[in-house]
Amino acid sequence: MTVVMLAAAMCAGSAACLMAGHERGLRRAGALLAGRGTAGALPSGAPPWERWRWRARVWVLGLGREWFCLPPALLLALWGESPLPLVGGALAVPLVGRRLRARELRRARERRADGVLALCGVAAAELRAGSQPVQALLTAAGATGGLGRSEAAVLAAARFGGDVPGALRRAAREPGADGLVGLAACWRVAVDSGAGLAAGLDRLEAALRAEKDQREGLRAQLAGAWSTVVVLALLPVVGLLMGAALGAGPLRVLLHTPAGLGCLAVGGLLETAGLWWAARIVRTGEAS
């Protein structure tokens, strides 16, 4: 009972830290729900249970996914009658959060690269249809959103005769928008020498598409390696489940005996080192 109360207290403390650290996310989720009209906003005069359900929904939307490491850790702590799994779950939260943020940044970079690719294709099509370069850029930007957060600056330079290549090079500083450097070069050559902008955009689109195909092909080739990493990560869990099914009580041995604690520490270090090394090998292949 003491261990259960300790685990519950630690979970409550983690929840309090979570609430304190995610106020911004809660406000964003509340604004998101309130901005969905009558379907998302809390109606005035709603019963108390409806208010509590709405607040719980806002709270869940404001959570980071990394905090969902705590409920399984709490269940494991209650099952094994030890606070160690909960401590491990709390330590895993920042690591999982870092991994999730890195994945979101990679996805945002790829979406921006796809937007630049679509921008070049639409602009080239507009130019071949007879549009002027400025109008083609405006139409392509509105249709694809390939200029990202710098869209206003680039479009203002295009509309009012500003430095469009300079604005494009500044927009290319965003992660994944490297292709805008090529668009700036094509624009500069077309303005200075009168060369065909559509032909340059076609070649730029072909180069960006080849780079995207190469990236996707490499990812497909490394899918098996990532599957191996996942299997390695799940092997200890499978071993614990098999031991529990055979009635060996692996959690009691690991969490309540000196030999088990030693094996748990050594095994955890070896598992972490193995996963880190395998992931490093795969990421090295991705970077190449």
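These are my notebook entries on what I looked up in this structure, which is a predicted model.

**Entry 1: the whole chain**

I started with the secondary structure and got 12 helices and 0 strands. Reading along the sequence, I wrote down α-α-α-α-α-α-α-α-α-α-α-α. Next I checked burial: 31% of the chain's 288 residues count as buried. Then I looked at contacts between residues at least 6 apart in sequence, and 60% of those join residues at least 24 apart.

**Entry 2: helix 4 and helix 5**

How do helix 4 and helix 5 run relative to each other, parallel or antiparallel? I looked up the ranges, and helix 4 covers residues 70-80 while helix 5 covers residues 84-128. Their axes come within 7 Å and cross at roughly 165°. An angle over 145 degrees counts as roughly antiparallel, so helix 4 and helix 5 are roughly antiparallel to each other. I also noted that the crossing of helix 4 and helix 5 is right-handed.

Which residues meet there? From helix 4 I listed Leu70, Ala73, Leu74, Leu76 and Ala77. On the helix 5 side I found Pro85, Leu86, Gly89, Ala90 and Val93. Sorted by class, the contact of helix 4 with helix 5 has 9 nonpolar residues, 1 polar and no charged ones.

**Entry 3: the loop between them**

I then stopped at serine 82, which sits in the loop between helix 4 and helix 5. Is serine 82 buried or exposed? Its relative accessible area is 4%, so serine 82 is buried. A polar atom of the serine 82 side chain lies 3.3 Å from the backbone nitrogen of leucine 84.

I got a relative accessible area of 17% for glutamate 110, and the cut-off for buried is under 20%, so glutamate 110 counts as buried. What does glutamate 110 touch? Leaving aside neighbours within four places in sequence, I found glutamate 110 in contact with Arg215 and Arg219.

Alanine 113 is found in helix 5 too. Alanine 113 has a relative accessible area of 24%, so I put it down as partly exposed. I also looked at the spacing to glycine 179: alanine 113 and glycine 179 are 66 residues apart along the chain, yet their C-alpha atoms are separated by 7.3 Å.

**Entry 4: helix 6 and helix 7**

Next pair: helix 6 is residues 133-144 and helix 7 is residues 151-159. The axes of helix 6 and helix 7 come within 9 Å and cross at roughly 160°. That makes helix 6 roughly antiparallel to helix 7. The handedness of the helix 6 and helix 7 crossing came out as left-handed.

For the contact, helix 6 supplies Val134, Leu137, Leu138, Ala141 and Gly142. Helix 7 supplies Glu151, Val154, Leu155, Ala158 and Arg159. I sorted the contact of helix 6 with helix 7 into 7 nonpolar residues, 1 polar and 2 charged.

**Entry 5: helix 7 and helix 8**

I followed helix 7 to its other partner in my notes, helix 8, residues 164-171. Helix 7 and helix 8 pack at an angle of about 175°, with their axes 9 Å apart. They are therefore roughly antiparallel to each other.

Here helix 7 brings Ala153, Val154, Ala157 and Ala158, and helix 8 brings Val164, Ala167, Leu168 and Ala171. How many nonpolar, polar and charged residues does the contact of helix 7 with helix 8 have? I got 8 nonpolar, no polar and no charged residues.

**Entry 6: glutamate 174**

I then moved past helix 8 to glutamate 174, in the loop between helix 8 and helix 9. With a relative accessible area of 8%, glutamate 174 is buried. Not counting residues up to four places away in sequence, glutamate 174 touches Arg112, Leu147, Gly148, Arg149 and Ser150. I looked at one of these by C-alpha spacing: glutamate 174 and glycine 148 are 26 residues apart in sequence and 8.1 Å apart in space.

**Entry 7: proline 236**

My last stop was proline 236, found in helix 10, which covers residues 197-245. Is proline 236 buried or partly exposed? Proline 236 is partly exposed, with a relative accessible area of 37%. Between proline 236 and glycine 268 I noted 32 residues in sequence and 9.4 Å in space, C-alpha to C-alpha.

Terms used:
Residues numbered from 1 in each chain as written. Predicted model: local features only at pLDDT ≥ 70, side-chain atom pairs only at ≥ 80, totals over all residues. Heavy atoms only, no water. Axes fitted to C-alpha atoms, helices over the stretch in contact; angles between N-to-C directions. Helix = DSSP H or I, 4+ residues; strand = E, 2+ residues; numbered from the N terminus. Parallel < 35°, antiparallel > 145°, perpendicular 65-115°, else oblique. Left-handed = near helix turned anticlockwise from the far one by under 90°. Contact = heavy atoms within 4.5 Å. Nonpolar A, V, L, I, M, F, W, Y, C, P; charged D, E, K, R; others polar. Buried < 20%, exposed > 50% of the residue type's maximum accessible area, 1.4 Å probe, protein only. Polar contact = N/O pair within 3.5 Å; in protein donor to acceptor, adjacent residues only side chain to side chain.
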